[in-house]
Amino acid sequence: MLRFIVRRLALMVPVLVGLSILLFVWIRKLPGDPARAMLGERATDSAIAQINQVYGFDKPVLQQYFIYTGRLLSGDFGDSTRDGRPVLESFIEQFPGTIELTLAALIIAVVLGVPLGFAAGRRIGGWLDNFVVTGSLLGVATPVFFLAILLKLVFADWLDWLPTSRRQDARVEATHPTNFYVLDGLLTREWDASWDAILHLVLPAVALGTIPLAIIVRITRASVAEVMGEDYVRTAISKGLAPKLVNRRHILRNALLPVVTTIGLQTGLLLSGAVLTESVFEFQGIGGYLFLSISQRDYPVVQGYILFIALIYSMVNLAVDVSYGLIDPRVRVS
Amino acid sequence: MTLRPTRLRKGMVVAAAAALLMAGCADSEREGSGGDGGGGGGGDEPTTGGTFVFAGSADPVTLDPFFASDGESFRPARQIFEGLVGTKPGTADPAPLLATSWETSEDGLSTTFMLETGVKFHDGSDFNGEAACWNFDRWYNTPPGIGQTEDQSYYWISLFKGFAEGELTDSVFESCTVDGEDQITVKLTQPFAGFVPALSLPSFSMQSQAAIEEYGAAEGDDPSQSAYATEHPTGTGPFVFDSWERENQITLQRNDDYWGDVALVDTVQIVPIAEPRARADALENGEIDGFDLVGPADIAGLEEDGFQILERPAFNVLYLGINQGQKPLDDIRVRQAIAHAIDKDEVISNSMPEGTVPATQFVPDLVNGYSEDVTSYEHDPDKARDLLAEAGAEDLTLMFNYPTDVTRPYMPSPGDTFNVIRGQLEEVGITVEGTPDVWSPDYLDRVQGGNDHGIHLLGWTGDYNDTDNFLGVFFGRPSNEWGFDNKQIFDLLTEARGLPTVEEQLPLYQDANEQIMEFLPGIPIASPVPSLAFAENVQGYVASPVQDEPWNLVSVEE
Amino acid sequence: MTIPLEPQHATGVPTARDDDEPGVSLWRAAWRRMIRNPAAIAGALIVLAFALVAIFAPLLAPYSEGVQDWRGDVTPSDVPGPRDGNLLGVDRYGADLFSQIIYGARQSLIVGVVSTAGGLAVGALLGIIAGGLGKMADTIVMRIVDIMLSIPSLLLAVSIVAVLGQERKSVMIAIAAAQVPIFARLLRGSMLAQRNADYVLAANSLGLRRRTIVMSHVLPNSLGPTIVQATLNLATAIIEVAALSYLGLGGGDLAEAEWGRMLVAAQDRFDESPQLAFGPGIAILISALGFTLLGEGLRDALDPKGRR
């Protein structure tokens, strides 16, 4: 197991290096440049030239890359050209927001999805099953942003139950020691702040979690159905073993495997879905910030953030593979 | 759902407002006599308390206004800082602020300022002649590097041209001399009539030397991100900085020792909400008390629901730019044809807020140098067709560039505006190739950075009352955007810029406006009216064309 | 956003199932299963309707595309709703909303089909190379695929469009690029799964050249799952075109009907004119749903295990 982990970590390095080179070149190939984005309507050729010179964007690409990696090694990922903040600092500050959102979406997807898929899978063809399958297909088909707009309209405009943007109301007393807003409220005993943060999470998490929900339902349903059809289950039932016992001990354990894999797969999807969702709801996280940075050609942020995201994604995949091996002793990671 | 006070509460609101109005009349604006003993220079009515929550459209970049040039960074700066010169409320005209009066020499090279006395910075240090000159010297001595890029010290570079050291050393600023506790003299190397009005810009606010020396940036670091600029901005204004949680909110507290009218509310919070629709939602939900830049589509709905819409006097211009680097746009008849093809009223009724007036020239009517005698081009499709035929351009195909996904104060719905004008051009036989681009940097890069554009939509919001702030920006020198080289106009503008007083400049600028509308490098379309929206219980907000809007007179009834 | 098929399902040859009738050809059995699946039928009907609407748009729409006769009726605070002469009312640019929605099907169909076909072609090629040409090719190709997959598909699409320029063509290339890794994985899995199949070993021992084996035997057997994946990807493509328009990318004229762009333009008018968003939004939803149902129906019909 340990060797497996080490090998995977080692493999990550060349992939990330390759990615960083690709990113570096690619972002500079995009038309327009950070100087123009920084100056807006006020840009003049001389102003642009001055910025390029001061920030080093006029140097040859290769030289820029060496300077960049040199700074990287001492932990300096550069500063955003948009707001001047150190890239690493912004990422650390915003990442908890995205984690909260992703977790909330995942919770919705798993807490709703597994039981639904389980119930559907046990009785294939039943009314619940049909309902679940159609629902999940609809879920996958709906564009995230369309769903987001719909949710905003229904729950914020018509019903006025929920807020439409950001992570917290300005009026609520809230201090944020960890930037996990829900947790922060609990830590500082500002219960209102926690509750307010949860309210702000609902719509974006529903929008983001719909697709993973649909997929988890399908996968659970499929693997439950498969296990139900296995000989040993049919044997157990025919022997008179109460279906409930058969449930817990056999079906659930085996059905969990694909679900775990899917959860791992979903992380990548969630991270990219977070970009759109965070933008639509102006939810302060890495996704929305990254998106703005790409459109404003904020080289340091784009380079840094995408690398961080790729790293996180790889780590999550690794964790999923490892847990896969732990759950099913038959699957020894080789 | 909106907040609808019961009738009883409504009555209280009216009564309270009336009381405040009367109290307000008894006291003049911010620049009180200053010597009213004790802290608050205002009258003796109690502050109303409460929190005023306001939504802007983005997070500030920095809280040190010298290194900022965007409206959202200036918004908190207007509360925390003040400069020597302010504006008459609701106008763009200079008025005394930290300087009670000033006098410029005949040759325009030196201006003496008399200063307010008894004013302190938020950290307790004194504002006086020494502090004032320290600020001027600090600006002039900005170290070379990031601080000297136009992204940061844009206004200093635009107006004073240069620093003590670095790439740009040809500075208009020469020196600042402390004549006494309450008097300074600033010397320039060349006359600059816009000098005093320009000092009303937030960039030239007076800041605390002690605070900057303690928390300011080390040499070589980004000055806009120093501990001072992000955690300890210290001015003389009606509000004191409390905290800034990036992307989330800025909190300011009332300055109880303010030398002018002490603020009525206890606390102010500024939150960034990017979408106009989301800002409107937040207002309707009660999350905020007011916001800036109301989307045109939201105005009617908000008014219906009982919210207050406040208009800012228009201080901007939207124009249809024409690239004479693309034939046959260099033919004056083609440009005139385009001008006659456009029906400005239809453009306005379709895509701009009510109250928007058509523009006749490249400066709005509030600016010095606005001329009543410019050539006008009436909506006349027949004339347009004739001119095109005359120029041999009956089958004209034009690239029409416009930005997507953006809304600017001078251009609230670019897509709609483009669509209307396109229809009008097609009516006179011009084939239009609509070419959208993402606003920044793509669109700007395209229309300002090269020659690959035909006609396009762009505009400008004025920073202070000076024609050069408009015409100089557009037509001060040859550029990729306009693609022409008209020495006469360039020289006229350069000459006007160098005159020592506004009076002397006036006829030249009027002449410039007339010449430009004759030459027709582009077609001014309109000056849209930006709006703010407030909850029913908010009183005392005065809108300014140059966004000089300190909030010390704002009150929020519970 | 669709789940790529597992390799063990990559062999598309219909195999005998418990519920098959004896004496009936395997392909026909699969067909019969499809017919009996109401969801699949619904999907097929929707796809058919979509294609017909797209092809016959000029006949079905009351007005031509992009005709903005009613622009004068539009103001910043009001967009006329359903009324005489305009079934669903007018869009914010003055064109008939109903007609624009109908014409929007064309854009989605064209972009969807072209980009999926492109992604399929390139992805299949890569997959075949990876699966059929030995370990070295496999490693190289799959590393490339991995890198492509580690970039969120939306960011990939955004970058490609930005580099290639804001036009329809770039959008199609971008969406095709996002599908390449999916097809590559699929075909590679198919190649590997069939490598040890009896008929391949037999063909090999008979001396047939590798290329012949691939072209005449392996590929046709991969047909089933490829069709399924392509159908599912079409659904995704329709959505991604809309997503790119949402981000302001992809060029295209305002007057051109494209559901994604219409949806975006409708946002700030949502309060008084929700139909501007619901029209194109529901159109996107139904089309994507149709392709998804059809794809799932195909998958179930071809499924060797009979798991419905």
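**Exercise 1. The A–B interface**

Which side chain of chain B does E41(A) meet in a salt bridge, and what is the N to O distance? Then describe the interface of chain A and chain B around this pair.

*Solution.* The model is predicted.

Step 1. The partner of E41(A) is R408(B), with N to O at 2.9 Å. A salt bridge requires a separation within 4 Å, so the pair qualifies. The rule finds five salt bridges across the interface of chain A and chain B.

Step 2. Chain A brings 46 residues to the contact and chain B brings 53. The two chains bury about 3900 Å² between them, and carbon and sulfur atoms give 41% of that area. On the chain A side, E41(A) belongs to a trio with R42(A) and R171(A) that supplies 21% of the area chain A buries against chain B, more than any other three residues.

Step 3. Count the polar contacts. Between chain A and chain B there are 23 residue pairs in polar contact, both residues being at pLDDT 80 or more. Several helices of chain A supply at least two residues each to the side that touches chain B, among them α2 (34-39), α5 (87-122) and α12 (286-295). The helix that gives the most is α3(A), with eight residues. By class, this side of chain A has 14 nonpolar, 16 polar and 16 charged residues.

**Exercise 2. The B–C interface**

*Solution.* 

Step 1. In this contact, 26 residues of chain B touch 20 residues of chain C. The buried area is about 1700 Å², with 44% of it on carbon and sulfur atoms. The residues of chain B that lose the most area to chain C are A297(B), N350(B) and N419(B), which together make up 28% of what that side buries.

Step 2. Two salt bridges cross the interface of chain B and chain C. One joins D416(B) to R92(C), with the closest N and O atoms 2.7 Å apart.

Step 3. The largest share, eight residues, comes from α13(B). The side of chain B that touches chain C divides into nine nonpolar, 10 polar and seven charged residues.

**Exercise 3. The disulfide**

Which cysteines form a disulfide, and how far apart are their sulfur atoms?

*Solution.* 

Step 1. The count over all chains is one disulfide. The cysteines are C133(B) and C176(B), with sulfur atoms 1.9 Å apart.

Step 2. C133(B) sits in helix α3 (residues 129-140) of chain B and C176(B) in strand β6 (residues 173-180) of chain B, so the link spans parts of the chain 43 residues apart. The angle about the S-S bond is -80°, and the link is left-handed. Both cysteines are buried.

**Exercise 4. Salt bridges within chains**

*Solution.* 

Step 1. The structure holds 41 salt bridges over all chains. In chain A, D129(A) pairs with R221(A) at 2.5 Å between the closest N and O atoms. D129(A) lies in helix α6 (residues 127-141) and R221(A) in helix α9 (residues 191-228), 92 residues apart. Both D129(A) and R221(A) are buried.

Step 2. R277(B) and E284(B) form a salt bridge with the closest N and O atoms 3.9 Å apart. R277(B) counts as buried because its relative accessibility is 13%. E284(B) is buried because its relative accessible area is 12%.

Step 3. D330(B) and K327(B) form a salt bridge at 2.9 Å between the closest N and O atoms. D330(B) is partly exposed because its relative accessibility is 34%, whereas K327(B) is exposed at 67%.

**Exercise 5. The surroundings of R188(C)**

Is R188(C) buried or partly exposed, and which residue does its side chain meet in a polar contact?

*Solution.* 

Step 1. R188(C) is in helix α7 (residues 168-195) of chain C. Its relative accessibility is 22%, so R188(C) counts as partly exposed.

Step 2. Beyond its neighbours within four places in sequence, R188(C) has contacts that include G127(C), A130(C) and D138(C).

Step 3. The polar contact joins the side chains of R188(C) and D138(C), at 2.6 Å.

Technical notes:
Residues numbered from 1 in each chain as written. Chains lettered and ligands numbered in written order. Predicted model: local features only at pLDDT ≥ 70, side-chain atom pairs only at ≥ 80, totals over all residues. Heavy atoms only, no water. Contact = heavy atoms within 4.5 Å. Buried area = accessible area lost by both parts, 1.4 Å probe. Polar contact = N/O pair within 3.5 Å; in protein donor to acceptor, adjacent residues only side chain to side chain. Helix = DSSP H or I, 4+ residues; strand = E, 2+ residues; numbered from the N terminus. Nonpolar A, V, L, I, M, F, W, Y, C, P; charged D, E, K, R; others polar. Buried < 20%, exposed > 50% of the residue type's maximum accessible area, 1.4 Å probe, protein only. Disulfide = S-S within 2.5 Å.
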